[in-house]
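Trainee: I would like to go through this structure strand by strand. Please keep the terms simple.

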Amino acid sequence: MKIRFWGVRGSFAMCGKEFLRYGGNTSSIELVSDDGGRLLIDLGTGATEYAKTLMATEFGQGKGKLAVLLTHTHLDHIQGLPFFTPFFIKGNQLRILGADPAGSTLKGTLQNQLAPHYSPLNGLENLAAGVSIESFLPGTELTIDEFEITTAAVPHGTMWTTAFRIKADDKVVTVLSDVEYPAPHRPTREAFALAAGADLLVHDAMHDDAAYAMARGWGHSPVSAGVHLAGAAGVGKLALFHHSPDATDAAIDAIVEAAQARTSIPVMAAAEGTYHEI
Amino acid sequence: MEITFWGVRGSYPVPGRATIRYGGQTSCVEVRTSSGSSLIVDAGTGLRALGQKLAREGVQRRHHILLSHVHWDHIQGLPFFEPAYISGNTVEVYALLTAADELQQVIGGITRHEFFPVPLEAVPAEINFHEVDPGLPMLVEGVTILPFALNHPFGSVGYRLDADGTSVAYVSDTAPFTDVLHKQHFLSGLETLTDEDRRVLADMRAALVKSLKGCDTVIYDTHFLPEEYARFPHYGHSTPDQALEVVAGNDVRRLILYHHAPSHTDDQMDEMAARYKEKGAAVGVDVITACEGMVLTVGPKAAAGAS
């Protein structure tokens with residue numbers, strides 16, 4: 001299994017020279033199995049870049065097939081949806097799977113994103129590909145092609161998001177984005193179970209530890225939360241993810257260096273642009 | 001009067017190497033008068049950096065944001081506008097009411113808990129909504145503002161701002177007034193225009209031309225190159241040629257190409273900028289292609305210094 005980050009930024013897409021190495025696009029992660037099966041997690045602006053490469057393949061002819069998992073529907077995780085070009089080609093088989101937000105439904109929320117006030121698409125029904133929107137309860141096990149997926153709800157400020165443990169080709173990737181534990185060193189049981197023994201843990205690292213003091217309760221982790229969980233759960237590698245929009249390339253370099261000094265587990269900062277073998 | 005471009009892109013923000021010079025953030029322009037007060041036109045992703053600057057300065061406590069319409073690329077910066085998170089500040093938002101819903105409901109709707117963690121109603125600043133009426137001028141911070149209707153899905157307005165004895169107009173987003181009349185339904189392609197549609201389009205164009213007459217600087221939605229427009233005439237955007245056609249012979253000194261397609265790279269933009277500089281010169285209009293961070297002086301002083 002391979003992983004590629006198409007968007008690694010939290011909250012807000014950042015443009016400019018200071019954000020070129022790690023990338024300024026918001027959340028979007030691609031997984032590719034050894035047989036070439038694909039799975040996408042989140043539709044931040046990074047997904048629009050991914051869409052361009054897909055359009056050069058069978059998706060351009062309306063013969064593509066892709067499932068997209070959503071961690072949640074905050075804008076930085078769905079803002080690429082109206083510009084994900086495979087949705088506009090009839091024949092593509094596209095699914096969006098996610099949990100229903102509190103008091104709402106996944107379909108209703110995405111429909112609202114495309115409401116005529118906000119988008120000229122005027123609703124999901126105008127996506128020519130005919131996207132299937134599928135809600136699941138966190139805790140559900142999903143099988144999508146060769147990907148076996150365990151899901152769980154994890155705390156995110158006053159709400160929760162869905163985290164994933166994804167297995168394919170005997171490798172495991174865990175994605176814990178947009179999560180804040182009761183305390184940085186006290187992950188929830190669900191988060192721990194998803195991360196246990198994973199080959200790669202992708203973890204929310206929105207705040208460096210100093211900045212976290214000011215941001216407690218906002219729903220994101222300090223870097224040390226991912227470092228701690230990686231060690232406790234015995235993962236093979238840690239990828240810091242969902243970088244603060246204010247973190248320049250130089251700031252992220254420093255964050256990785258400081259994190260690596262505190263653990264023997266290899267630490268990287270998720271960056272746009274290359275496939276990593278897991 | 002001075003204008004600063006904080007976001008010049010259409011549709012969605014495009015980070016990366018290909019957009020470093022022209023910028024990747026979406027629609028947002030700051031207009032500052034000689035008295036120091038500033039007005040903001042559109043609240044795309046460019047608004048975040050502008051808000052940080054305004055909060056840092058801490059001088060202005062009452063902020064005015066004129067919205068052309070409420071498509072995401074024009075409002076997405078609003079929840080990230082730092083002055084809204086400062087108690088004692090006021091944010092006045094002006095927009096066109098396009099349906100029965102209240103403005104507060106539509107604009108506040110982007111901060112529903114499904115989309116954003118902090119609801120607009122919960123921010124410390126006071127937020128007020130004002131409905132604009134095309135053709136009816138408003139006076140805000142000593143600036144006379146004339147809203148006018150544009151041709152865009154679900155409705156859109158442009159604004160002419162007069163202050164300091166000069167004027168700037170913001171014309172984005174709009175399709176030209178020939179091929180399609182945008183209403184409040186989805187278009188998968190062009191529809192046949194009725195005689196009534198043609199009359200409405202002609203009136204809209206005439207009102208726009210009249211509103212722009214004698215304007216020093218006109219900022220215009222030129223999302224598409226002609227060959228792109230030919231493929232997507234129903235998307236609600238114009239080409240630089242169509243913009244030039246509206247301003248030429250209308251006593252407009254300068255045209256700013258704006259709301260660039262997200263697919264346009266810096267190199268393509270350079271080419272477009274050079275091509276339309278020449279085309280503009282041929283009809284007596286100074287054509288400038290907007291880039292993020294660009295600051296322009298509007299008015300007699302600028303005219304005197306112009307080549």
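Trainee: Why is strand 10 of chain A largely enclosed by the rest of the structure?

Mentor: This is a predicted model, where local features need pLDDT of at least 70, side-chain atom pairs count only at pLDDT 80 or more, and totals for chains, interfaces and linings use all residues. Residues are numbered from 1 along each chain as its sequence is written, with chains lettered from A and ligands numbered from 1 in the order in which they are written. A residue is buried if 20 or more other C-beta atoms, placed from the backbone, lie within 10 Å of its own. Strand 10 (residues 171-176) of chain A is largely enclosed because the buried ones among its six residues number five.

Trainee: In which sense does strand 10 of chain A pair with strand 9 of chain A?

Mentor: Strands are DSSP runs of E, at least two residues, numbered from the N terminus, and two strands pair if DSSP finds at least two bridges between them. Ile166(A) has Val173(A) in strand 10 of chain A as its bridge partner. Over five bridges, the sense of strand 9 (residues 159-168) and strand 10 of chain A is antiparallel.

Trainee: Which residue of strand 11 of chain A is the bridge partner of Leu176(A)?

Mentor: Strand 10 and strand 11 (residues 200-204) of chain A pair in the parallel sense over four bridges. In strand 11 of chain A, the partner of Leu176(A) is His203(A).

Trainee: Which strands are the edge strands of the open sheet in chain B?

Mentor: That sheet has seven strands in the order 7-8-9-10-11-12-13, with mixed pairing. An edge strand pairs on one side only, and in chain B these are strand 7 (138-140) and strand 13 (286-289).

How values were computed. A residue is buried if 20 or more other C-beta atoms lie within 10 Å of its own, exposed if 12 or fewer, and partly exposed in between; C-beta atoms are placed from the backbone.
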